[in-house]
Each structure stands twice: as C-alpha cells, then as structure tokens.
Amino acid sequence: QKMPPSLPATINIREPRWDQSTFQGRAKHFFMVTDPRNLLLSGATLEEARRVVEDYRAGTVQPGLTEDQLWRAKYIYDSAFHPDTGEKMILVGRMSAQVPMNMTITGCMLTFYRTTPAVLFWQWVNQSFNAIVNYTNRSGDAPITPSQLGTAYVSATTGAVVTALGLKSLTKHLPALIGRYVPFAAVAAANCINIPLMRQRELKLGIPITDENGNRLGESTAAAQKAIFQVVVSRIGMAAPAMAIPPVIMNMLEKRAFLKRYPYLNAPLQVGLVGLCLVFATPLCCALFPQKSSMPVSSLEPEVQDQIRKKDSWLETVYFNKGL
C-alpha cells in the first residue's frame with residue numbers, strides 16, 4: 001500500500017487557517033476556537049496535539065500526518081494552551097468554555113432578575129467568571145498584577161450591581177418586558193469598566209506594534225485604545241442576542257397555560273434559548289474585527305510616529321494584536 005506523500009514543513013500554523021482579512025474567514029476561525037466540544041478532550045489528546053504542533057514548528061513532520069490533522073492539532077493546542085507562556089489554561093477560562101458558562105450564567109441572570117439578592121448574586125457570579133476569563137487570556141507582554149486584577153474585579157462587579165439595581169428601581173412601574181432587559185444593561189456597563197481596567201497597563205505603556213511582516217516597531221497607547229474599544233464592542237455584541245431575544249420569547253411563553261402549569265421549566269428553557277444564541281453570537285462577534293488589527297501611522301502618538309519615520313519613512317500602516 002502506498003504511503004501518503006509527506007507534509008511540507010512550510011505551512012504557517014502560527015496564523016489561522018482561513019483568510020483573516022474577510023469576515024467569513026475570521027468567523028470560521030472563531031467557530032473552531034470557541035467550539036465547546038474541545039472541553040471534553042482528554043489530557044492525553046491535548047498532550048498529543050501539543051506534541052504534533054511543537055514538533056512541526058521545530059521542523060519535524062510526523063510520518064503520515066495530513067494537513068487536516070495538523071490544523072486540527074493546532075486548534076486543539078490553541079484551545080487549551082496559553083499562546084505566550086505555553087501553560088495549560090484553567091478549564092473555565094478557555095474560549096471553548098465561553099458558550100456553556102455564559103449560557104448558564106446569562107440564563108440565570110435573565111430568570112432570577114426580580115429580587116435584589118438574586119440580582120446581586122448573579123452579577124457577582126458573572127463578574128467572577130469574567131475575571132477568570134480575562135486573567136486566563138491575558139497577554140504575555142502585559143501580565144496582570146494581583147492588585148490590578150482585584151481592582152478590575154471589584155470595580156466591574158460594583159458597576160454591574162449599581163446599574164442593575166438602579167435600572168431595576170426605575171423599571172418598577174414599566175411593562176414587565178422592560179424589566180427583563182435590566183441584566184443586559186448591567187452586563188454592558190460592566191464590560192465598559194472591566195476590560196479597560198483589566199488592560200490598564202496597556203493603556204499606560206502601550207501595546208506592541210509591528211510592520212506587515214511582524215517586525216516590532218515599538219509600543220503605542222493609541223493602538224491600545226483602539227484594541228480595547230474593539231474588544232468592548234465585541235463583548236457587548238456577544239451578550240446582546242442572548243440577552244435581547246430570549247426575554248421576548250419568554251415573555252410570550254409566560255402568558256401561555258403551559259408555563260403556568262410547569263413553572264419549573266422556566267429556567268431550563270431560558271438557559272437553552274440563551275445557549276442557542278451564544279453558539280452563533282460568540283464566534284461571530286469575536287470575528288467583527290481582525291485579530292491582527294491595523295491603523296495608519298498618522299493616527300499614532302507624535303513621538304511614536306517620529307520613532308517609526310526614523311526606521312522607515314515610507315511606512316503607512318502598523319499592525320497589533322487586539323486581544324480577546
């Protein structure tokens with residue numbers, strides 16, 4: 001039997017498989033990154049994927065390895081190991097845990113929004129989860145100190161709770177449907193506080209900017225501001241369908257005899273609807289902006305522009321990793 005031809009050692013698995021300049025290419029990439037099935041993979045499978053990827057990067061191609069198997073190993077590796085440190089990430093902090101974790105937390109926030117203790121508890125749970133995700137997916141170039149992590153966590157939780165309780169009191173005399181949107185407003189407010197605080201070091205010192213070929217040109221705070229703005233928009237967009245569509249459906253269902261007869265189905269139904277929205281919203285909103293984002297040199301700080309002009313006076317565009 002003929003052996004399949006050996007795979008060339010020239011495939012760039014440091015970059016995603018699909019063209020990241022198109023929304024479709026980015027969406028395909030993030031559907032792979034956020035696939036919840038990756039959480040079910042055994043430790044042995046993860047270690048095997050790590051071995052395949054590290055061997056390939058070192059120039060060693062395993063006999064019989066196909067291109068599809070290589071890409072599969074790359075995405076398994078990326079789903080579980082930190083890109084900068086190579087450490088195995090906390091299970092609930094991985095991008096593949098986003099859908100099941102957010103589905104449960106958001107579903108409960110939308111179900112138990114009527115009492116103050118429930119609002120306090122679920123907003124606290126949500127921000128605790130966000131803190132774990134932000135810490136797990138931190139950039140290796142800008143490590144988060146425990147004090148920064150604590151400040152971001154306390155500020156975001158306080159912001160979310162104050163927004164939720166403030167809006168809850170304002171909506172007491174408004175239709176029931178309006179009250180159901182209070183958790184979404186609280187989550188949006190928390191994201192606007194949490195992400196900039198979690199990445200405050202980048203806002204102070206800047207993030208690495210490169211040319212098209214990945215050559216580092218320096219650090220820019222203007223690039224950090226653009227990166228963080230894009231991430232905030234993506235995160236709010238991610239939460240929007242899951243928190244906007246189920247309330248309308250649940251509001252209609254609660255008026256029917258079925259849910260009045262089986263009220264215990266309220267929470268499972270809500271969680272299921274949220275999950276359905278998140279399966280699509282999470283990867284599609286991650287794909288709104290390219291991971292390798294860009295901006296004109298003329299939009300950078302004057303001193304960074306001068307620094308770049310000395311190296312390359314013709315350069316017009318710089319690139320940076322926006323983060324997740």
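Helix H1 passes helix H12 in a right-handed crossing. This is a feature of a predicted model. H1 covers residues 23–33 and H12 covers residues 266–286; their axes come within 8 Å and cross at roughly 125°. That angle makes H1 oblique to H12, because the range counted as roughly perpendicular runs from 65 to 115 degrees. On the H1 side, the residues that meet H12 are Phe23, Ala27, Phe30 and Phe31. Their partners in H12 are Val279, Phe280, Pro283, Leu284 and Cys286. By class, this contact has nine nonpolar residues, with no polar and no charged ones.

Helix H2 spans residues 43–57 and helix H3 spans residues 67–80. Their axes come within 8 Å and cross at roughly 115°, and H2 and H3 are therefore roughly perpendicular to each other. The crossing of H2 and H3 is left-handed. H2 contributes Thr45, Leu46, Ala49, Arg50, Val52, Val53, Glu54, Tyr56 and Arg57 to the contact, while H3 contributes Leu70, Ala73, Lys74, Ile76, Tyr77 and Ala80. The residues in this contact divide into 10 nonpolar, one polar and four charged.

The next topic is the aromatic side chains. The structure holds five aromatic pairs. In the pair of Phe121 and Trp124, the ring centres are 5.9 Å apart and the planes stand at 45°, so the pair is tilted. Phe121 and Trp124 both belong to helix H5, residues 116–136. Being three residues apart in H5, Phe121 and Trp124 are separated by about one helical turn. Phe121 is partly exposed, with a relative accessible area of 42%. Trp124 is also partly exposed, and its relative accessible area is 42%. Together with Trp122, Phe121 and Trp124 form one aromatic cluster.

These elements sit within the chain as a whole. The protein chain has 13 helices and four strands. Along its principal axes, the C-alpha trace spans about 65 × 65 × 35 Å. Of the 324 residues in the protein chain, 46% are buried. Among contacts between residues at least 6 apart in sequence, 73% join residues at least 24 apart.

Note on methods
Residues are numbered from 1 along each chain as its sequence is written. This is a predicted model: local features need pLDDT of at least 70, side-chain atom pairs count only at pLDDT 80 or more; totals for chains, interfaces and linings use all residues. Side-chain values use heavy atoms; hydrogens and water are left out. Axes are lines fitted to C-alpha atoms, for helices over the stretch in contact, and angles run from 0 to 180 degrees between N-to-C directions. Helices (H or I, at least four residues) and strands (E, at least two) are DSSP runs, numbered from the N terminus. Angles under 35 degrees count as roughly parallel, over 145 as roughly antiparallel, 65 to 115 as roughly perpendicular and the rest as oblique. A crossing is left-handed if the near helix is turned anticlockwise from the far one by less than a right angle, and right-handed if clockwise. Contact means heavy atoms within 4.5 Å. Ala, Val, Leu, Ile, Met, Phe, Trp, Tyr, Cys and Pro count as nonpolar, Asp, Glu, Lys and Arg as charged, and the others, Gly among them, as polar. Rings of Phe, Tyr and Trp (its six-membered ring) pair if their centres lie within 6.5 Å; planes under 30 degrees apart count as stacked, over 60 as edge-to-face and the rest as tilted. Buried means under 20% relative accessible area, exposed over 50%, partly exposed in between (1.4 Å probe, protein chains only).
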